[in-house]
Amino acid sequence: MNPDTSLGNAPVFAVKDLDVHYGSSLALKGVSMEIHPRRITAIIGPSGCGKSTLIRCFNRMNELIPGARVSGEILYHGENIYAPGVDPVMVRRRIGMVFQRPNPFPKSIYENVAFGAKINGYKGDMDELVERSLRRAALWDEVKNELKKSALDLSGGQQQRLCIARAIAVEPDVILMDEPASALDPIATVRIEDLMQELKKDYSIIIVTHNMQQAARVSDETAFLYTEVDEKTSARWGIMVEFGETSNIFTKPTDKRTEDYVSGRFG
Amino acid sequence: MRDTFHKELESLDQDVVRMGALVEQSTLMVTTALIESDKELAEKVKRGDQEIDDLFMDMEKRALTVLAQQAPVAGDLRLIVAILRVINDLERAGDLTFNIARMVEEGDFGQPRLKPVKSIVSELGNAAAHLMGRAIDAWAAKDEAQCAEIATEDDEIDELHSVLLEKLVEMKGDNALALGVRLALVGRYFERIGDHAVNMGERARYFLTGNEEHLS
């Protein structure tokens, strides 16, 4: 796929009536939303409401789970990433992901950053790409003299920033982050949050977080997901209750369920 | 969930009503003290202001603690901010009744020639107290319509204040100027108490709607 990513302020993603099933169980129902360029969008909601399921839809990672099935559309710069014939691997090359537990490759710092670019057939100056990516991830100054050192020798916070550098190196325009700071100490968390504010100048970021204060601090827009239950069968699935400017979600949400959740009246 | 937090919010909310009731009572008492030149009642009003001030300090501290420890958002945040602003208005209104009480103690408002003017002052004081009472009711009920009405009722107080000033200007005789100035100040203080009641209504309305237009 080769979408035109130069569309100014047009949405990066447009999600339309997205359903996700794991086998016969419905996990997520009827989600529709837009992701806007160079903004941070947070996805919040109680445990089990489908936050991680939703974020994994944006780069077709759900398909790595046996029995997972997606219906509806996700348009990435106007092209449906779920259209027949679209290679999910190609999708994942354009849309980077950072996970809850930092997962650097068991390779050097340099190789971690260069790996994805090499696979994508990057022909430019690799040293320059590695440096640029590490600088953008606010890690360069700490590792510039130790690029051959194993990534596994870095601290947790450094490893996570290395994973961000790795994601940036393949030159995506979107970075997905699934609870990127929940395994980190408070200082490392603040550094990741500051980094996100820098990154959003160039990238659109979607972050799943169970930390509401974090969502309130870092994001421009927030999507609140919640669980619906079928009383007869006890089946449960996630729905999107409200989506809007973060300042509004946290000062005057329109839906009572959102108000109750962000106020801690249920979890 | 978060029982401690929400119970504390409720407690602060109720204390706003309590503080407002003290201010309303103080305003009524000082009006009576003025009309009847009752210096003992004036002294009671002054002592009562200490209770208002103590409650203000206690509530401010508790509200700041909630902000620091609980990170309230949405309606809870608007409520805490409304409480912080409103207790300020109520504390100032309490100070104004104190000022009036001091003037009753120091002045001689018992003179017969002041009778026509004092009836307007009495109306003004009672109107201010009544408006404060309406503001407390609107706060307690969290009723948007009631909150919206408070602002319009302030007009009656403004009108009475204007009439008072006209009458004071016409006063003649010994010490007319000194007495006139003191009563003009009293009138101004009552009018300001009315303004604080209006502020309370506006803050309650903003808490309910989250609409910034309701702040002015």
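A crossing of two helices is called left-handed if the near helix is turned anticlockwise from the far one by less than a right angle, and right-handed if it is turned clockwise. By this convention the crossing of α4(A) and α6(A) is right-handed. The structure described here is a predicted model.

## Chain A overall

Chain A contains ten helices and ten strands. Its C-alpha atoms fill a box of roughly 60 × 45 × 35 Å along the principal axes. For 267 residues, a compact globule would have a radius of gyration near 18 Å, and the 19 Å of chain A agrees with that expectation.

Of the 267 residues of chain A, 43% count as buried. Among contacts in chain A with a separation of 6 or more positions, 70% are between residues 24 or more positions apart.

## Helices α4 and α6 of chain A

Two packed helices are described by the angle between their axes and the distance between the axes. In chain A, helix α4 (residues 126-136) and helix α6 (residues 156-169) pack at about 130°, and their axes are 8 Å apart. Because of this angle, α4(A) is oblique to α6(A).

On the α4(A) side, the residues that meet α6(A) are Leu129(A), Ser133(A), Leu134(A) and Arg136(A). Their counterparts in α6(A) are Ala165(A), Ile168(A) and Ala169(A). By class, this contact consists of five nonpolar residues, one polar residue and one charged residue.

## Lys16 of chain A

Lys16(A) lies in strand β1 (residues 13-22) of chain A.

Leaving aside residues up to four places away in sequence, Lys16(A) touches Ser32(A), Gly72(A) and Glu73(A). Arg236(A) is 220 residues from Lys16(A) along the chain, and the C-alpha atoms of these two residues are separated by 21 Å.

## Chain B overall

The secondary structure of chain B comprises six helices and zero strands, giving the pattern α-α-α-α-α-α along the sequence. The C-alpha trace spans about 70 × 35 × 20 Å along the principal axes of chain B. A compact globule of 216 residues would have a radius of gyration near 17 Å, and the value of 19 Å for chain B agrees with this.

Buried residues account for 39% of the 216 residues in chain B. Of the contacts in chain B between residues at least 6 apart in sequence, 82% join residues at least 24 apart.

## Helices α4 and α5 of chain B

In chain B, helix α4 (residues 115-141) and helix α5 (residues 144-170) cross at roughly 165°, with axes that come within 10 Å. The angle therefore makes α4(B) roughly antiparallel to α5(B). The crossing of α4(B) and α5(B) is left-handed. Their contact includes 18 nonpolar, two polar and seven charged residues.

## Contact between the chains

The contact between the two chains takes 13 residues from chain A and ten residues from chain B. On the side of chain A that touches chain B, helices α8 (212-218), α9 (246-251) and α10 (256-262) each supply at least two residues. This side of chain A divides into five nonpolar, five polar and three charged residues.

Notes
Residues numbered from 1 in each chain as written. Chains lettered and ligands numbered in written order. Predicted model: local features only at pLDDT ≥ 70, side-chain atom pairs only at ≥ 80, totals over all residues. Helix = DSSP H or I, 4+ residues; strand = E, 2+ residues; numbered from the N terminus. Rg over C-alpha atoms; globule rule 2.2 N^0.38 Å. Buried ≥ 20, exposed ≤ 12 C-beta atoms within 10 Å, placed from the backbone. Contact = placed C-beta atoms within 7 Å. Nonpolar A, V, L, I, M, F, W, Y, C, P; charged D, E, K, R; others polar. Axes fitted to C-alpha atoms, helices over the stretch in contact; angles between N-to-C directions. Parallel < 35°, antiparallel > 145°, perpendicular 65-115°, else oblique.
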